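Please take a moment to look over the sequence and the model shown here before reading on.

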Amino acid sequence: MVRAAASWFLAQQALPRHQTVKLLDGDFRAHLAFLMPQIERLVAEAPAGGVRARLALAGVEEARRRLAVAEQPGLRGEVERVQWLARSVMVLRDHHDALTGGAPLIDGQAAG
């Protein structure tokens with residue numbers, strides 16, 4: 001479900017309402033906080049030195065950097081900041097799928 005929301009948000013041509021941006025910001029942050037340790041665990045369990053694993057860890061580090069970006073002034077600034085979080089959601093979900101062969105997320109999180 002979060003992947004679909006990220007895809008929808010990135011496809012928007014017009015600026016969404018501020019409340020929508022705030023809600024998605026919270027959803028994306030929570031999903032990234034859930035997903036990053038899972039990817040790190042999968043990488044730790046994978047054979048050492050794999051390109052896929054290194055790329056996944058680079059994606060995790062980039063997501064952390066994006067999560068640290070402060071709230072931006074104005075709606076346009078906030079939309080751009082949250083779009084970067086949405087991109088991280090998409091990338092990390094792709095890395096998760098690649099590392100697991102498309103297995104659903106664990107711990108009861110929706111696979112959407």
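**Charged pairs in a helical chain**

Asp 25, Arg 29, Glu 78 and Arg 81 are linked in a network of salt bridges, where a salt bridge is a side-chain nitrogen of Lys or Arg within 4 Å of a carboxyl oxygen of Asp or Glu. The model is a predicted one, in which local features need pLDDT of at least 70 and side-chain atom pairs count only at pLDDT 80 or more, while totals for chains, interfaces and linings use all residues. Residues are numbered from 1 along each chain as its sequence is written, and side-chain values use heavy atoms, with hydrogens and water left out.

Asp 25 counts as buried because its relative accessibility is 10%, whereas Arg 29, at 27%, is partly exposed. In these terms, buried means under 20% relative accessible area, exposed means over 50%, and partly exposed lies in between, with a 1.4 Å probe and protein chains only.

Side chains of opposite charge can pair when their charged atoms come close. A second pair, Glu 62 and Arg 65, forms a salt bridge at 2.4 Å from N to O, and both residues lie in helix α3, three residues apart, or about one turn of the helix. Glu 62 has a relative accessible area of 26% and is therefore partly exposed, and Arg 65, with 48%, is partly exposed as well.

Which residue forms a salt bridge with Lys 22? The partner is Glu 71, and the closest N and O atoms are 3.1 Å apart. This pair links distant parts of the chain, since Glu 71 sits in the loop between α3 (51-67) and α4 (74-100) and Lys 22 in helix α2 (residues 18-45), 49 residues apart. Lys 22 is partly exposed, with a relative accessibility of 32%.

The chain has four helices and zero strands, and buried residues make up 34% of its 112 residues. Of the contacts with a separation of 6 or more, 73% come from residues 24 or more positions apart, a contact meaning heavy atoms within 4.5 Å.

Key:
Helix = DSSP H or I, 4+ residues; strand = E, 2+ residues; numbered from the N terminus.
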